[in-house]
Amino acid sequence: MADLSRATGVSVPMIKFYLREGLLPSGERTSPNQAKYGQEHVRRIKLVRAMADYAGLSIAEIRDVLGHLDDPSHGLHDRLGHAQTSITPKREPGEGEEWAAAMREAEELIARHGWRHHPDSSPMRSVAGVLLTLRGLGYDGILDRLDDYAEAAGTIARADVAGMAEEPNLERMIEIVVVGTSLGDALVAALRRVAQANVSARLFGDDWKVAQWENVDWEDVRRQGGAFEGPAPEGEICGGPEA
């Protein structure tokens, strides 16, 4: 067990705790007081640490994910989906006609892109909740471009799955789902802000107050991804340089 501790950077008492909690399979017994551990144990410990440290899952939640992972009756897609569900914030359904209309709009958006998702899932409820809020605030400019947002999400998802498919083992793939999704969300948010600043500078520059909105070719902006030709923009979208 000392070798396993050195290989993973996890203390022996913590490894024993994982064994007691059923998060780590027992090693091959070589004597009454010793056991042999292999690379499968190293991978499992790293996965447990990733789920606890990066995703913030509880011991019970980790045990549930691992139980699903180790069940041979589940296919790969189902195992990955179960891991994704474990890190997806729970969203309770709303009430009333406005909520029902938002759910219908969310389902229509998903259907237009050839996707399938259970209407009572937390992701679908989250989509509906955002649409309901956008409509209540009168953000028609975003609502009119929902398909652009969906297309961007599809591109990101294809990159996510392609990178995951290159991983050498199932534990590593599950780790990518749990940790990589959270880190990917942060990366996309940061890149979005960089892109927003560049699109804004390209469209408005210093004379944004007199911009001729009717002359802006938004389809051309979308095709080009907001590429900015000229000096790098200073500051954020509507502000000056950062303090």
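A nonpolar core here is a set of buried Ala, Val, Leu, Ile, Met, Phe, Trp, Tyr and Cys residues joined through side-chain atoms within 4.5 Å, with buried meaning under 20% relative accessible area (1.4 Å probe, protein chains only). This is a predicted model, where local features need pLDDT of at least 70, side-chain atom pairs count only at pLDDT 80 or more, and totals for chains, interfaces and linings use all residues. Residues are numbered from 1 along each chain as its sequence is written, and side-chain values use heavy atoms, leaving out hydrogens and water.

The largest nonpolar core has 25 residues, and Tyr18, Ile45, Met51, Ile62, Leu66 and Ile174 touch the most other members. Helices H2, H3, H4, H5 and H10 each give two or more residues to this core. H3 gives the most, with six residues.

Now for H3 against H4: their axes are 10 Å apart, at an angle of about 140 degrees. The residues in contact (heavy atoms within 4.5 Å) are listed here.

| Helix | Span | Contact residues |
|---|---|---|
| H3 | residues 39-53 | Arg44, Leu47, Val48, Met51, Ala52 |
| H4 | residues 59-69 | Ile62, Val65, Leu66, Leu69 |

By class, that contact has eight nonpolar, no polar and one charged residues.

Take Leu66: leaving aside neighbours within four places in sequence, Leu66 is in contact with Leu23, Arg44, Leu47, Val48 and Met51.

Conventions: Axes are lines fitted to C-alpha atoms, for helices over the stretch in contact, and angles run from 0 to 180 degrees between N-to-C directions. Helices (H or I, at least four residues) and strands (E, at least two) are DSSP runs, numbered from the N terminus. Ala, Val, Leu, Ile, Met, Phe, Trp, Tyr, Cys and Pro count as nonpolar, Asp, Glu, Lys and Arg as charged, and the others, Gly among them, as polar. Buried means under 20% relative accessible area, exposed over 50%, partly exposed in between (1.4 Å probe, protein chains only).
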